[in-house]
Structures are given as C-alpha cells and as structure tokens.
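Please look over the model below before reading on. The notes that follow take it in numbered points.

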Amino acid sequence: MVYLDHAATTAVRPEVVADMTEEFGHLGNASSLHGAGRRARRAVEEAREGIAEALGATPNEVVFTAGGTEADNLAVKGLFWARHQADPNRRRILVSAVEHHAVLDPARWMAEHQAAVYEELPVDEVGRVHPEVLRAAIERDPSDVAVISVMWANNEVGTVQPIHELAAIAREYTIPFHTDAVQAVGAEPVDFAASGVSALTMTGHKIGGPVGAGALLLTRDVDPVPVLHGGGQEREVRSGTLMTPLLRGFATAVRLAVEEREEHASRLAVLRDDLVAQVRAAVPDITLNGDPAGRLPGNAHISFPECEGDALLMLLDARGIECSTGSACSAGVAQASHVLIAMGATPDTARSSLRFSLGYTSTAEDIKALGEAIAPAVERARAALRKRRP
Amino acid sequence: MSLRVLAAMSGGVDSAVAAARAAEAGHDVTGVHLALSKNPKSYRTGARGCCTVEDSRDARRAADAIGIPFYVWDMAEEFDREVVQDFVAEYAAGRTPNPCLRCNEKIKFEAVLDRAVALGFDAVCTGHHVRMVDGRLRRSVDIDKDQSYVLGVLTREQLAHAMFPLGDCTKAEVRAEADRRGLSVADKPDSHDICFIADGDTAGFLNQRLGDEPGPIKDESGEVLGTHNGAHTFTVGQRKGLNLGGAVERRYVLSIEPVNNTVTVGPREALQVDEIIGSRPVWSGCDPITEPMACEVQLRAHGEVYPCQAWQHDDELVVRLDEPATGVATGQAAVLYDGDMVLGSATIARTARREEAAPAH
C-alpha cells in the first residue's frame, strides 16, 4: 500500500502506542480526589506541561478537547459569545475563505441562528490572506468585530498564512484572533506566545498521536463561553472527563513532532518536490496549486486538466495508491473545493484535483509507485470524462 | 473468465446480493452507488427512494460485508437532464413516460456504462430480476418480480456489457441469501414509486413544474363535462380523479391534448385499440423484423401480455394485436417477447382501432 494521505490522518507513532498502552493499564479519573485520581491527574498535567513547553505556551493556556473540530467550535462560538455579551455591537465574525469546514460551518451557523454577521476574507490565487485585506475588513468598523479566524496552514493546498502579521493587526484593535494550526504543528515552527494569536487549534492524529485528543491554546486574556457544560474541567471552559491515556499519547506525539520538525520537514520537502517532478514528467500539463514557496513541506495539491479527481482517485486506489480529492464530501460525492474556488479556480479545475500528502512513514518508493501509475490512470480518467462531456 | 465488474448498488437488497454473487463468481467487483439527486435527503421517507444518504450508507455497508471497494458516483446532472426533465417534458406533451426504463437506458447502461468502460471495466452488474442467456434478455423465474420490461429498451451492445446475476431465483430467495450472507439490507422494504418524487405526489410534482391551469374535460362529441387542473396530470385509461359528478356511465380518459389543455373522456369501449405504432425500435433479441411476425407484446410495467403480429416499417414499429387492449398510453414502451425472451421494443407513439385507422402499409 502506498499511503499518500497523511494530511487526513497519519500513522500513530510507536512511542505513542507504548505510552498509551501503559496508561490504559492504569485506573483513575483525573478529577477524583483519591490516590488513583491523583495519579491520573499527574499524567494529565505532565501531558499539558509537555505540550505547552513544545509550543511556546504556558500550561494554563492549554485546554484539552476531543480534537480539532471541537477546538475550532469552541474558539469561534465561544469567543463570539463572550465578545458579544460584553458589547452587543460586536457581531462580525471574520474568517478566511479557505478555512476548514470546522471553522466555516460554526461561523455560518452563528450567522444563521445567532446574532453573528458572517464575513469572509478573500484570498489571492495561491490561497493567501493578505494582511491589508484583514486591516481593511476591520477598518470598515473596528468596533463591531467579535472574532477573527485564519488558519495557520491550509489543509487542502498547503498554503501557509502570514499568521504573525495577521495576528499583530488584530492585536492593534484588541480583537481576539484564532488560528486553526492543525496542519501546521510539526511542519512549521509554531510558537504560541511569539505568534501573537489569542487562540490556536491543534490535534493529535495529524502528528502521530491518537484520534480523539486535541487542544485549544488560549491566552489568559480571552475567556470563551463554554460549548460543553458539565463538570467544569479545563478552566470551566471545556467540561468532560479527561482522557488520560489519549492525552499522554498526544503529548508524546507533540514532543516528538516539535523535536524532529526541522529534519522531518526538510526530508518531506525533498520527497514532495520529487513527487511533483515525477508526476509532471508523466503528465506534463498538470498545475501545482497553492503557494509554490510558502507551503507545507508534505503537501502536493495537483490539478490534472480534463480529468475528474474522483475517477483518478478510484484508479489509483485500485493500484494500491491512496490519496484524496482534498475536498469535503456530501454523501460520498466530492464537491468542488471551496478552497480552490476561493483561489479563483473554475469548478471543473477544482474537480480535477488531487491532494497527495506525505508523513513520517513516506518513502522514495511511494513516490516512484505514484510516478509509474499516474500516466495510465490520467489517460483512462480523461477518456471517461470525454465520454461524459463529448 | 474473470471480468472487471462495476456493481451499481442502490442500497437495496437486490443489488447487494447481485454484487455478492458477481464477486463470488470470481469477478473483480467494485461497488458504486449512484448519487442521483443534487440535494439528497438524509432520511428516506417510508420505503421510497434509492438516492438518499441513508441508502448510500446501506450500499457502503453491503460492499464492506462483501469485501469489495466502494465509491459514490455523482450522476445527478445526467439524471436530471435525461430522466427528470424528460419525465416532465413527456407529460407536458400528453404522454405517459416510464422514468425507470429511461434511467436504465440513459443512466445505468449509458452514462454509467460508458464511464465504466472508459475507466477499464468490462461490465455493469445490477440487481434487476432478469436472466441473460447467450446475450439475450429473458424474464426472471420470479414472474411477479420480473423486470425485463424496464430493460427491454436496451440494445444488444448495451446488453453485451450487462450482468444480471439474479434472474434464476425469486425475490424471497434473494432475501434469504442476503440474510445468509450477513447483509443487513436483507429485510429492507422494496422500493417502488418514482425515486425523485419523494412524497409520491406525482400530480403535485408536475403541477409545480408545468403549472395547474384549469382546462375542460370533454366527451367524444366535444361537449364539456367538467374541468381539470392541468391536462398533464392524466393518463390514458385513467378513471379516478375526473370528478364528473353525476355521470351515469363510467368514463375513462381517452386522450390528452396539451396544446389546448383538453382531456377527452368516453366509455371503456372507446379505449380499445388494436394497432400500436412505436418510435425508436430496438431489436436486442433478434435481427430487425420487417415482415409481420407472430409474437407477444407487453404495453406497460407489470401489464398483460397480448398476442400480436409485429414488424418494423421504415423507422417505426407496427404492432397489430390479435384482440384489442385498453388503456394503452403513448410514451410507454411496447416490449416484444417470444415466450420469455425479449425480442425488442419501441416507444408507443400512436394507437388506433384498425377499422378506423389507415393501414400502416
């Protein structure tokens, strides 16, 4: 099997499996007051401290969640509610047009069902939000912006945003700025304090940790209204029994990902460049989407003209090569990617695209297998589309 | 010989067992669910439909259980153009279309088959209750579930790439087999009605698209007997829904004239026809017949079979029934049979009583 879909999820690292396996052998709820509870609490707090240290945060800035989607919902909804309660004039939610659905959908839901006004920040043809675009959007009325959310790096096309500049602008106006850094941790240098953001989403399973553990890093000056109410865990911001074994594994994954980041990123970038070169050699008229320079090292998002991405995916899958159309599915049907559309692509171009994403288990053999399989697959997929649209 | 087979999986029990049988026969099978609606409803209403999100999930679970790859193909654009719009246009023209037949002809064994062949597949497999013997279509052994009529429109070339693994058993046997194979769709109710009219209200669906302008209901002499809310909601042979009040004798719809929005009614005897002219003749079971040949014809789904003489004259099919039939609607298919074998078909364009009609040749 040639797995080229690490941006969807990546293999759990053996060190993480070992830590979680050991922790699953222990009994105890981290909120209990007895010995077993104290032991679990210690494991949770050590995980929190490890994650904080690796990402330039303080332990009390780490709010554990069940993953990226929950952290994004907490940031967008919770920060909107807090800001709107403090001043009902604050209604605007500014989000980039290329956000993951975990940000876009809560923001749109808030506009449809709550007092929010949804506003998208346009991107350029490589998917980048320009700082002056954010400034102009705020300047239209600095007093009515409730919250801003721009992702650190795009999950589909891999474009890395100028987060420090964007966060600095938001800070000038004292507006909380959230970033979804799910794809950035382990690939880009992520330092929470230095970035200037107020809230940062991350998750375990993109970096070799378990699915089901994530975090929202929150500066002490923002206080979102909870989405989950209950036992009051996590600074009363996120109730729910702490999942001690997952958090231990999560922390191990974060530590390793950050420690090894530079070496890992440069290895992936070499493989990725080779992937693009081999695919281009086989199919000369491809285009690489996203920022050619400022992009995630493991991401290659490619449009294959006159092809349908889902047909290509199926043909590659039949050859044991696994990749993604990169866009959201509705009942299993790939929709034209909102990210590519926001970058100015036509729906046909958007549908002709595949995302190949690399991770720590990727090898040169994987790239070679794709290089060999891609030309015949494209030829067939093109013949199928010609049948469909003569 | 092992073939690369694309199994169209609706989420129902028939297509699941068909895919399982094809895989068990040693073919390299890939399951595909066809998404036919741009905005699929999340939950099916009753037993209807084959294109809800839930049906897609059922199909996926069946593919998992069989152990074959599974994908969803978006055919919504083609389905809307070839089936839904055609359905509306046919009613607007005063005919009575059969959308299931149209879907088999234009979607499953054209759009899907063409795409499949281009992508390297040899055949499309479905859960229809029909048999294929030497490339010819025959009725299922389960005569109540036989679907040869809605496939009678397929050409020999289309049939050459078709696989129907269920024709040799009954529906009850298919359900029992699904249960034995651990397919959770074993007890799923049969789908019926028209899948793209979720609430089953065909008249409402047509009114929404064609308007509900009132028009006259007349008898054969031209006398106005009542009014209706749109000629397109009627079918030749229909008796219910005329609301003619105190009419002494029962009246039936004889014809529909969309141009002047008129529905003509009359007694049952006036419905009798014994000559049928069909357009677009297709001969899948034999070479084109140009001299009168004794065979049988079926004029609607689950309808009666009539002994007849049939032949092709120019580009039309002529069918002369031995005894008159009633309620023959234009737009339906006339499917010719020799015993249980499909010979060919055509779309009913006109009907006549022989003594009144000019001879066809």
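**Notes on the model**

1. Chain B puts 14 residues in contact with twelve residues of chain A (contact: C-beta atoms, placed from the backbone, within 7 Å). On the chain B side, β2 (28–35), α2 (53–66), β3 (70–74) and α4 (99–118) each supply at least two residues. Helices (H or I, at least four residues) and strands (E, at least two) are DSSP runs, numbered from the N terminus. That side of chain B has eight nonpolar, three polar and three charged residues. Ala, Val, Leu, Ile, Met, Phe, Trp, Tyr, Cys and Pro count as nonpolar; Asp, Glu, Lys and Arg as charged; the others, Gly among them, as polar.

2. This is a predicted model: local features need pLDDT of at least 70, side-chain atom pairs count only at pLDDT 80 or more, and totals for chains, interfaces and linings use all residues. Residues are numbered from 1 along each chain as its sequence is written, while chains are lettered from A and ligands numbered from 1 in the order in which they are written.

3. Take strand β6 (residues 177–180) of chain A. Phe177(A) and Thr179(A) point one way, His178(A) and Asp180(A) the other, and all are buried (20 or more other C-beta atoms within 10 Å of their own, placed from the backbone).

4. What pairs with β6(A)? Strand β5 (residues 145–149) of chain A does, in the parallel sense, over two bridges (pairing needs at least two DSSP bridges). Ser149(A) stands opposite His178(A). Strand β7 (residues 199–203) of chain A also pairs with β6(A) in the parallel sense, over three bridges. There, Asp180(A) stands opposite Thr201(A).

Note on methods: Two residues are in contact if their C-beta atoms, placed from the backbone, lie within 7 Å. A residue is buried if 20 or more other C-beta atoms lie within 10 Å of its own, exposed if 12 or fewer, and partly exposed in between; C-beta atoms are placed from the backbone.
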